[in-house]
Amino acid sequence: MFKTKTVAWDAGVAFVVALLIYGFAAGNMRFEQSLAPHYTNLADSLLQGRLNLTPTGNFYDLLDYQNKVYLSSPPLPAVLMLPLVLLGGMGFSDILFSIVLGALNVGLVQRVFRNGWLTALFAFGTPHLYFSTVGTVWFQAQSVAIGFGVLAVFFAWRKGSWGWAGICWACAILARPTLAFGTPFVLMLLWAPVWVDGLRSINWRFFAPLVAAVGIYAVYNFARFGSPTDFGYSHIIGAPNLSAAIEQYGSFHPYFAWCNGFVMLALPPQLLGYIPPDALRFCGHLLDGLDLESVGGFRPNPLGMSLLLATPAFLLLAWAQGRHRLIIGSWLGLIGVMTPIVLLHNTGSLQFGYRYFMDASPMWLLLLAIVLNRSDSEIELPALRWVPQRGLAATLIVLSVLINIWGFLWLFGEFTGVPWPG
């Protein structure tokens, strides 16, 4: 009982600390709307019985179909905003929503993994820092998916609950469809007997919510575009170079894997606008028409940067080796989630680091929890043959936090048009 109260207390403290820091970091923008508050618009439309948005003049990354404007991103975050928009109207601050949501995610990470160093890394040493402070439709979708993904880990791993794990994983998919490819990860946490005893042992309480999520997507697409499989990407209102690439290759294609792979693993910051030749070769469809020579000084690359440079603590994943089902399942899920992402036509647009890696947060959080685990841990984690020195791990985490603070200060100005604190 005492341990349970201590765990809950630690999670509550993590939530409050994150809430205060995220609120402070958002500055004067905390009660304003973001650069792309499309989810508040969709929530308002849903309250009026519509799926198309109210035109506001901000059409970037929206869909134009039969003279109506739609949102390309999944609908779940807008559903969560319904009571807030009902009370505050379409002008409700989506940045405030992001702040509270981000703090809840931090509390969840502490509750599930019970490691202060890991929680600090997640909260302040990854893109989650700016997910939670600058709002926008893109970051909110990922934040919602992360939250439900971590909840699925909690119910699958900590509670062994097939039903609740399925519901939470289905909600994560309704925020970011890429997580559907990580379903083997949750099954491994549940130690699904399907691989042992055959199909008769499948627990359908897990799969029923996933089938329902697919059905919701199909109905949502059919109601908008007349086809259950049409997600509307062919109607997107975006940059001309992206539209041309989609028209030539489609939204997903092996051609884009070279660009995404290079950005994710190797792209450095910009120095006087310099772009490595490989980036020009692999990502020409994203750089076409950009004036790179006018960029001065040393700054992050807005296309993204190597996740190992932006968050050096991800190097600790190299120690996550072994045959334990938690390790195997985590790597299978991570690879599954990242597979469609590396085939995507875009690297994530304006960002710091490589934000799409956050889709795999439930997997790499568990892997890092295993790497950072010590014998005095209160939770059962597999022991590794080789573990990093405490000093190395702490140094990489602190360095990651400092780098991401730099990235946040830059990105805040890019999204608000004013230097921090706004």
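A disulfide is counted here where two cysteine sulfur atoms lie within 2.5 Å of each other, and in this predicted model that cut-off decides how the cysteines are to be read. The sulfur of Cys 171 has its closest cysteine sulfur in Cys 168, at 6.4 Å, which is too far for a bond.

A search of the whole structure does find one disulfide, and the partners in it are Cys 259 and Cys 283, whose sulfur atoms are 2.1 Å apart. The link between Cys 259 and Cys 283 is right-handed, with 110° about the S-S bond. The pair connects distant parts of the chain, since Cys 259 belongs to helix H13 while Cys 283 lies in the loop between helix H14 (277-282) and H15, 24 residues apart. Cys 259 is buried at a relative accessible area of 1%, and Cys 283 is buried at 0%.

Among the buried residues of H17 are Leu 326, Ile 327, Gly 329, Gly 333, Met 338 and Pro 340.

Helix H12 (residues 240-249) has a buried set made up of Asn 241, Leu 242, Ala 245 and Ile 246. Viewed down the axis of H12, these buried residues fall within an arc of 135°, so they line one face of the helix. The partners of the buried residues in H12 are strand E3 (236-237) and helix H15 (284-287), whereas the face turned away from the buried side carries the exposed residues Pro 240, Glu 247 and Gln 248. Just after H12, Gly 250 takes a positive phi of about 90°.

Asn 67 has a positive phi of about 65° and is placed in the loop between strand E1 (62-65) and strand E2 (68-71), where Asn 67 counts as exposed at 79% relative accessibility. Arg 114, with a positive phi of about 55°, sits in the loop between H4 and helix H5 (116-124) and is partly exposed, with a relative accessible area of 26%.

Within helix H4 (residues 94-113) itself lies Ala 103, which is buried at a relative accessible area of 0%. Leaving aside neighbours within four places in sequence, Ala 103 is in contact with Phe 15, Ala 18, Leu 19 and Tyr 22. The C-alpha atoms of Ala 103 and Leu 19 are separated by 5.0 Å, although the two residues are 84 residues apart along the chain.

The aromatic rings give a further view of the packing. A pair of aromatic rings is described by the distance of the centres and the angle of the planes. The count comes to 27 aromatic pairs, one of which is the stacked pair of Phe 131 and Phe 139, at 5.2 Å centre to centre and with 20° between the planes. Phe 131 is buried at 0% relative accessibility, and Phe 139 is buried at 0% as well. Phe 352 and Trp 406 instead form an edge-to-face pair, with 5.8 Å centre to centre and 85° between the planes. This pair links distant parts of the chain, 54 residues apart, with Phe 352 in the loop between H17 and H18 and Trp 406 in helix H19 (residues 390-416). Phe 352 is buried at 1% relative accessible area, while Trp 406 counts as partly exposed at 32%.

Ring pairs also join Tyr 130, Phe 131, Phe 139 and Phe 415 into a cluster. Elsewhere, the charged end of Arg 158 sits over the ring of Trp 157, 5.6 Å from its centre.

Notes: Residues numbered from 1 in each chain as written. Predicted model: local features only at pLDDT ≥ 70, side-chain atom pairs only at ≥ 80, totals over all residues. Heavy atoms only, no water. Buried < 20%, exposed > 50% of the residue type's maximum accessible area, 1.4 Å probe, protein only. Helix = DSSP H or I, 4+ residues; strand = E, 2+ residues; numbered from the N terminus. Arc of directions from axis to C-beta. Contact = heavy atoms within 4.5 Å. Phe/Tyr/Trp six-rings, centres within 6.5 Å; stacked < 30°, edge-to-face > 60°. Lys NZ or Arg CZ within 6 Å of the ring centre and 35° of its normal.
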